[in-house]
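Dear colleague,

Please find below the sequence and the structure that I am handing over to you. My notes follow directly after them.

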Amino acid sequence: MEAVLAKYENQINVFSEYLEDLPDTDEPVWILGECYDVKTGKSELLSDVRSRLWFTYRKKFSPIGGTGPSSDTGWGCMLRCGQMILAQALVCRHLGREWRWVAEGTQPVEYQRILHCFLDRKDSCYSIHQMAQMGVGEGKSVGEWYGPNTVAQVLKKLALFDDWNSLAVYVSMDNTVVIEDISKCLDESLSGQRQAPCPLSHFHATSQHPLDWRPLLLLIPLRMGINDINPVYIQALKECFKMPQSCGVLGGKPNLAYYFIGFVDDELIYLDPHTTQLAVDSETGSTVDDQSYHCQRNPRRMKITSLDPSVALGFFCKSEEDFDSWCNLVQQEILKKRNLRMFELVEKHPSHWPPFITPTKPEVQTTGASASLFLSILCNNFL
């Protein structure tokens with residue numbers, strides 16, 4: 001069955017290559033905070049898209065948990081999209097948004113180290129193995145399809161084991177981003193016996209409470225409708241892709257996940273994980289063959305109105321100034337609508353909510369493998 005699925009999906013991808021092309025339009029194309037003119041900047045646009053790390057189904061990797069599946073074809077697409085949104089944050093963290101990939105070119109050491117984090121092996125910190133096994137704690141069996149919110153929770157937990165990137169991952173709750181809770185995620189010295197002052201404020205850029213900033217990945221799970229996306233949210237969704245802090249959007253169609261990176265007119269632009277490739281193996285410290293980690297075909301598009309209403313927005317703030325800027329943009333572009341806002345941004349933790357619990361390394365649940373294997377994932381041991 002796995003072979004049949006892979007053959008069918010690859011045939012679709014080859015056929016789609018003849019159908020997909022960027023439209024000849026005067027409308028601007030937005031890719032993760034960057035604006036392009038198709039008629040004058042098509043090559044730069046395509047270079048940007050091809051520089052994003054592209055994670056797809058893989059086959060013939062070591063069995064997950066020692067006895068589980070050796071391919072994620074048919075079930076791992078949302079996990080792969082989660083890898084892509086996280087990889088974008090890591091690229092911005094270490095290489096900068098302006099970095100571009102060149103086929104056969106020499107890449108920075110940090111680039112190779114990022115790739116090692118996502119290799120399909122049990123000791124890579126964001127591998128399909130680690131994500132699938134961490135998902136067990138979220139009620140998902142290995143081989144079960146994930147939604148955007150579940151993947152966001154998995155990424156938040158895995159980041160706690162990643163000392164090299166030192167990334168703070170905040171996942172919003174009930175369509176509300178709480179600045180006070182973000183400050184607690186950033187404050188590694190917070191104890192359960194004291195209440196930390198809120199060091200971040202969208203009302204002013206200068207904090208009165210100094211804080212050692214850690215790069216922040218904001219993930220905002222949303223439901224923008226019941227069965228279909230409510231058209232009232234479409235403009236706000238577009239505005240999110242215009243923000244310099246944009247890391248893309250997890251979403252797609254029912255049981256069909258895509259990583260959305262931008263839009264043109266009334267269409268979303270996305271990277272599609274539904275291609276099955278052989279797993280790439282590389283020894284610790286060696287160079288990864290990266291040709292299959294960049295999508296070199298034309299970017300895919302779909303009508304915004306075809307989007308499933310369940311999504312997760314992603315934003316990366318490398319500095320406190322980035323976060324202040326993002327808060328201001330949210331105020332201007334998202335919160336200006338008094339009714340049917342896409343999400344809320346508040347400074348204090350709502351009093352009627354349960355207390356916010358600072359993320360800590362979770363209890364590890366494994367399926368067929370020992371916990372010691374899972375705890376070997378610290379990224380700073382790779383290179």
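**Findings**

Of the 383 residues in the protein, 57% are buried (under 20% relative accessible area, with exposed meaning over 50% and partly exposed in between; 1.4 Å probe, protein chains only). Please note that this is a predicted model, in which local features need pLDDT of at least 70 and side-chain atom pairs count only at pLDDT 80 or more, while totals for chains, interfaces and linings use all residues. Residues are numbered from 1 along each chain as its sequence is written, and side-chain values use heavy atoms, with hydrogens and water left out.

The secondary structure consists of ten helices and 13 strands (DSSP runs numbered from the N terminus: H or I of at least four residues for helices, E of at least two for strands). Among contacts (heavy atoms within 4.5 Å) with a separation of 6 or more, 73% are between residues 24 or more positions apart. The accessible surface is about 16400 Å², and carbon and sulfur atoms hold 50% of that area (Shrake-Rupley method, 1.4 Å probe).

Turning to the aromatic residues, there are twelve aromatic pairs (rings of Phe, Tyr and Trp, the last by its six-membered ring, with centres within 6.5 Å; planes under 30 degrees apart are stacked, over 60 edge-to-face and the rest tilted). One of them is stacked because the rings of Tyr-258 and Tyr-270 have centres 4.1 Å apart and planes at 25°. Tyr-258 belongs to strand S8 (residues 256-264) and Tyr-270 to strand S9 (residues 267-271), twelve residues apart. Tyr-258 is buried at 7% relative accessible area, and Tyr-270 is buried at 7% relative accessibility.

A further stacked pair is formed by Trp-326 and Phe-343, at 6.2 Å centre to centre and 5° between the planes. Trp-326 lies in helix H9 (residues 320-333) and Phe-343 in the loop between H9 and strand S13 (344-346), so this pair ties together parts 17 residues apart in sequence. Both Trp-326 and Phe-343 are buried. Together with Trp-213, Phe-315 and Phe-323, these two residues form one aromatic cluster.

Finally, what lines the second largest pocket, by class? Its lining has eleven nonpolar, four polar and two charged residues (Ala, Val, Leu, Ile, Met, Phe, Trp, Tyr, Cys and Pro count as nonpolar, Asp, Glu, Lys and Arg as charged, the others, Gly among them, as polar). Helix H6 (148-159), strand S4 (168-171) and helix H7 (179-186) each supply at least two residues of this lining. A pocket here is an open set of points on a 1 Å grid over the protein atoms alone where a 1.4 Å probe fits, with protein on both sides within 12 Å along at least five of seven lines, and lining residues have an atom within 4 Å of a point.

With kind regards
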